[in-house]
Amino acid sequence: RLEKCYNFRFTGCEASNNRVTERVTKNLIHVIVFASSCLYSFVRNREMFTMTSRPVYTNLNVCLGREVNTRRVSRSARVSRSSRPRAVSSEQEVEESSARPVYPFTAIIGQEEMKFAALMNIIDPNIGGIMVMGDRGTGKSTTVRSLTDLLPYIEIVKDDAFMSSPTDPNLMSPDVLAAYRAKEPLETAFVPINMVDLPLGATEDRVCGTIDIEKALTEGTKAFEPGLLAKANRGILYVDEVNLLDDHLVDVLLDSAASGWNTVEREGISICHPARFILIGSGNPEEGELRPQLLDRFGMHAQIKTVKLPEERVKVVEERTAFDTDPKKFRATYKAKQDEVIDQVTRARALLPEVEVPMDIRLKISQVCAELDVDGLRGDLVTTRASRAAAAFRGSKIVTDEDVYSVISLCLRHRLRKDPMATIDEGSRVTEVFSSVFGYDIE
């Protein structure tokens, strides 16, 4: 095939003419470079195949003295430019979201514990995310993806792949930070908070980012291609079946979740960019336990159980069937309830900075954590933040015992030390200690 495509024969290498030998050797080098770049690009990303192979193919034909179809090359260049991430307007987001309708959040039957934990994290992202464990087919992924309708808009620097903030230097990429310090004007745009799915088969290069092959082959320069952590900055990173995630990806998530930054050192590139995200994971406990280091990074832990009442099960089936038949019509029936929840969450986010936690409640929260023998202080911190979010969601500026009670099991049950001889659930243990410290009778 090489002889037919490039009009030379390998036997030419044995010719005595040095020019023929030199030309054949040069052609072989170009063919090997072309095939290697195409194979590497195709393995990394099928879309990158058209972006990286075309410039190399053009250079190869130029070296061989052939004419190049410049129209096809320019079209490929336009495709590569349009495929780069960019900020879009709210109208474009509405059009894209309408193309793939999401199941309404308010239409989900049951799973109140999980829905409440999700709303608390939207109100205060500093809570640290949610870990959802439950049986198969209980709507874990559906509930998480339904949050996209409730996520507020944030201001970002336009055409920035890192979702950089135009005002906070701690949430800026290196290029935006340099422009900000130089007092250059930054063009901004308002977009919804991103929800990025992390598939189980993702590679470390795709998650952290790697060298930009397109620029390396076309321009000969080293450039960084952002990964999923850059896209999830200031947004939500969702990992389905998180307990099956590879250990090396778990280490990457632990490092980024702990520091809020992603550091990449590879192929002669050294870059550090912000990666502050709400980590949401879901899984089935029958498929394996989660590493304690990663489990502790989740602010809340929600347990999902299968609906047992026949009436509720029938209603779930009917609602899902109606959604699959006509998604737009089904979403229209829940629009009023969706708008009500969005308004309530928006007011709670605005009220959150004014919410105060009395000192006696702070002391009781710490006493509960101490009596449960919770390692570290993350349990105290997360419980206090979640209590403030619960009070803001209720419309109050003062945290009460009821606010603490509504969140303390979610915040502490996964931080307790495992006791193989225990006869009660971890959530029940938390409730018993809470009742004892706060002076309530156990029912």
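Which residue in S11 does Val-132 stand opposite?

Modeller: Val-132 stands opposite Ala-302 in S11. This is a predicted model, in which local features need pLDDT of at least 70, side-chain atom pairs count only at pLDDT 80 or more, and totals for chains, interfaces and linings use all residues. Residues are numbered from 1 along each chain as its sequence is written, and side-chain values use heavy atoms, with hydrogens and water left out.

Val-132 lies on one side of strand S1, together with Ile-130 and Gly-134. Strands (E, at least two residues) are DSSP runs, as are helices (H or I, at least four), and both are numbered from the N terminus. S1 covers residues 130-134, and because five of its five residues are buried, the strand is largely enclosed by the rest of the structure. Here, buried means under 20% relative accessible area, exposed means over 50%, and partly exposed lies in between (1.4 Å probe, protein chains only).

Two strands pair if DSSP finds at least two bridges between them. Five bridges join S1 to S11 (residues 300-304), and the two run parallel. Strand S10 (residues 278-283) is likewise parallel to S1, with four bridges between them. In S10, the residue opposite Val-132 is Ser-282.
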